[in-house]
Amino acid sequence: MQNKKTLLQRLLVIYITFFIVLVASIAHSFVTDFYRGATDGIELGEDIAEKWNSGMPRMIYMLDARILKTPEQHIEIPSETPGMEIRAEVRKLNLTVEKDAPGISPLSLAFHSIGGSGWLYFMIMLCPLFYLLIIIFMFMIIHSLRRSIREERTLDKKNVWYLRAIGLLTIVSELIADLVDWIMSSQAAQILTRHGYVVDTNFHVSYSIIIMGILILFAAEVFAIGQNLSEEQKLTI
């Protein structure tokens, strides 16, 4: 029994460590982008409302694009240090597109503020929801582990499903974000090509996030095997 309790305590430490790393990753890669996106969204909403109230409704939406080539390869920046030269290269552009939108409701204009598509707006809003679900599932797993250690019993089967859900949500949220970036880059390419810009329209995937999701799914299956072996041992006894 003592060995089982020690094993459960080790699992609890692993899950808590993983949870801290996961939250830190979300805070680093998502919260900053979400805050900046929310700020831009508020300003965009104010512009949409102002033009609607003026009687000339306009659809305004944002596009992000990775730039491979610009009309001018380098931007010279004056340097105050003698003999030093500074050159900047444009690798990413944030575009704001504005066009006439007669007969469209303000709500519809708001839902088209990302990529000019309501579907893109819906998809990008799924990511914070998925991250919230991941955090909730992690809290539930940690609570279940603490209860198992306190009561000195086997782990709850629901933890397997929680882990599977976390792994799938991690992978799906990353693929959704990558798909939205690819669609917006394709739209930006159509706008910028005639002006001498070459936009990267390749589909980019953050393989580190995908690998992390696969590892979580692998851990869930190892967890499930341990559950089955424990039940078979009880039946044998």
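**Aromatic rings and their neighbours**

Phe-122 is partly exposed, with a relative accessible area of 47% (buried means under 20%, exposed over 50%, and partly exposed in between, using a 1.4 Å probe and protein chains only). The model is predicted, so local features need pLDDT of at least 70 and side-chain atom pairs count only at pLDDT 80 or more, while totals for chains, interfaces and linings use all residues. Residues are numbered from 1 along each chain as its sequence is written, and side-chain values use heavy atoms, with hydrogens and water left out.

Searching the whole structure turns up three aromatic pairs. To pair, rings of Phe, Tyr and Trp (its six-membered ring) need centres within 6.5 Å; planes under 30 degrees apart count as stacked, over 60 as edge-to-face and the rest as tilted. Trp-119 and Phe-122 have ring centres 6.5 Å apart and planes at 85°, so this pair is edge-to-face. Both sit in helix H3 (residues 118-151), three residues apart, or about one turn of the helix. Helices (H or I, at least four residues) and strands (E, at least two) are DSSP runs, numbered from the N terminus. Trp-119 comes out as exposed, at 66% relative accessibility.

Next up are Trp-182 and Phe-203: their ring centres lie 6.3 Å apart with planes at 70°, so they too are edge-to-face. This pair ties together distant parts of the chain, 21 residues apart, with Trp-182 in helix H4 (residues 158-192) and Phe-203 in the loop between strand E5 (198-199) and helix H5 (207-236). Trp-182 is partly exposed at 34%, and Phe-203 is partly exposed at 41%.
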